[in-house]
Amino acid sequence: MPILRSYYQDVYRSPVVRLDGYSGRHGLTSSILAYLDFGGATGTSKDGLAETMLAFATERGALQPGMPVVEASSGSFGAALAVSCATTGHPCILVVPSNLPIARRQRLQELGAKIVVCSSGGRRVMDRIAQETAERYHGYFTHYFANDDNPEYHRRVTGPAILQNIAREGASLVDAITVGVGSAGTVTGVGETIKAWTNDVRIVAVEPFECQALTGGVTGPHNIPDIGFGLVPKNFNSYVVDNVAAVSSKDAQRAAQQVLRTDAIPASASAGAALHAAAKLVANGISRSALAVFSGRQNLL
């Protein structure tokens, strides 16, 4: 294997794996495929996204050397942004809700982020505080829920990678792709890429059963981190989504644990949600063969 200039080069090389064990356990007529997009420092797809969004902003001059980078995030994107800022020489400021556990706050600070505590955990209020913070410190607000750089990354990286794997094995290999929706960058970028190539592949957006914002249903707390934020992100392109699947926290967690035992894939709950949705499509005869995008891995220890 070649010597890489940066670990991020390896982050972008996400494999597609057949889940024969999981598919066999559930008696499916064909094996589900998984796109493993979680090779970075945070164990999520956000590592490559954060690094690339900073690169895009730098290319167009919106982000100057040494300029602070601001985001309203206490989750995986905030952590990935802190790591990327540290490696590129930018101070990182994260706006977090006041109810964020102290241990999580300390972990973000250990990654190099400065913390601004917001009394509200609502997305709109936190985004407003982040925008004001960026203006106060002459920084750059990534605003990843509403910044087209987010889906653009997936148009350039995730979508083409999936497309190449499908084309390599034959167009009939996959007829459905399931994607968990958090900031909606993945489902939009992948969906637009696939739909530009063919309309024969169904794009399925996955959200928690307990928090059905995409379909205008009831929203509430759930236990699937990184998806289901209780709103429809501005990045969400509904025109490339064929349908929305709602998966309960229990089913998502069960799928994640099962695929670990059957195929040695350390899937996170959000990956489990995409997997469960894909399995349902095949089991119900809606899909011949589905691919689930795994955007996060679980920590085993």
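Modeller: In sorting lining residues by class, Ala, Val, Leu, Ile, Met, Phe, Trp, Tyr, Cys and Pro count as nonpolar, Asp, Glu, Lys and Arg as charged, and the others, Gly among them, as polar. Please keep in mind that this is a predicted model.

Colleague: How does the lining of the largest cavity divide into nonpolar, polar and charged residues?

Modeller: There are 8 nonpolar, 11 polar and 2 charged residues in that lining. The cavity itself holds about 210 Å³ of space.

Colleague: Which residues lie nearest its centre?

Modeller: Of the 21 residues that line the largest cavity, those nearest the centre are Lys46, Gly180, Gly182, Thr186 and Ser295. Two or more lining residues come from each of helix 3 (46-59), helix 7 (149-156), helix 9 and helix 11. Helix 9 gives the largest share, with 3 residues.

Colleague: And what volume does the second largest cavity have?

Modeller: About 60 Å³. Its lining includes Val181, Gly182, Glu207 and Cys211, and by class it has 7 nonpolar, 3 polar and 1 charged residues.

Colleague: Let us turn to the pockets. Which residues lie nearest the centre of the largest one?

Modeller: Ser74, Gly75, Ser76, Arg104 and Asp226 do, out of 41 lining residues. The elements that contribute two or more residues to this lining are helix 4 (76-88), helix 5 (102-110), helix 6 (123-136) and helix 11. The largest share, 4 residues, belongs to helix 4. The volume of the largest pocket is about 1300 Å³, and its lining comprises 18 nonpolar, 17 polar and 6 charged residues.

Colleague: What lines the second largest pocket?

Modeller: Among its lining residues are Arg123, Arg124, Asp127, His143 and Lys234. That lining has 5 nonpolar, 1 polar and 4 charged residues, around a volume of about 200 Å³.

Colleague: Now the core. Which members of the largest nonpolar core touch the most other members?

Modeller: Leu19, Tyr22, Ile32, Leu275 and Phe294, in a core of 33 residues. Helix 11 supplies the largest share of this core, 10 residues. Apart from this core lies another, of 25 residues, including Ala82, Cys92, Ala113 and Tyr140.

Colleague: What is Leu275 in contact with, leaving aside its neighbours within four places in sequence?

Modeller: Leu275 contacts Leu19, Tyr22, Ile32, Ala255, Val259, Ala292 and Phe294.

Colleague: Why does His90 count as buried?

Modeller: Its relative accessibility is 9%, so His90 counts as buried. His90 belongs to the loop between helix 4 and strand 4 (92-97). With neighbours within four places in sequence set aside, His90 contacts Leu63, Gln64, Pro65, Gly66, Met67, Val69 and Cys85.

Colleague: One last topic. How many residues of strand 8 are buried?

Modeller: Of its 7 residues, 6 are buried, so strand 8 is largely enclosed by the rest of the structure. Strand 8 pairs with strand 7 (residues 176-180) in the parallel sense over 5 bridges. In one of these strands, strand 8, Arg202 is the bridge partner of Ala176.

Definitions and conventions
Residues are numbered from 1 along each chain as its sequence is written. This is a predicted model: local features need pLDDT of at least 70, side-chain atom pairs count only at pLDDT 80 or more; totals for chains, interfaces and linings use all residues. Side-chain values use heavy atoms; hydrogens and water are left out. A nonpolar core is a set of buried Ala, Val, Leu, Ile, Met, Phe, Trp, Tyr and Cys residues joined through side-chain atoms within 4.5 Å. Buried means under 20% relative accessible area, exposed over 50%, partly exposed in between (1.4 Å probe, protein chains only). Contact means heavy atoms within 4.5 Å. On a 1 Å grid over the protein atoms alone, a cavity is a set of points where a 1.4 Å probe fits but cannot get out, and a pocket is an open set with protein on both sides within 12 Å along at least five of seven lines; lining residues have an atom within 4 Å of a point. Grid points are joined across faces, edges and corners, and a volume is the space filled by probe spheres set on the points. Two strands pair if DSSP finds at least two bridges between them.
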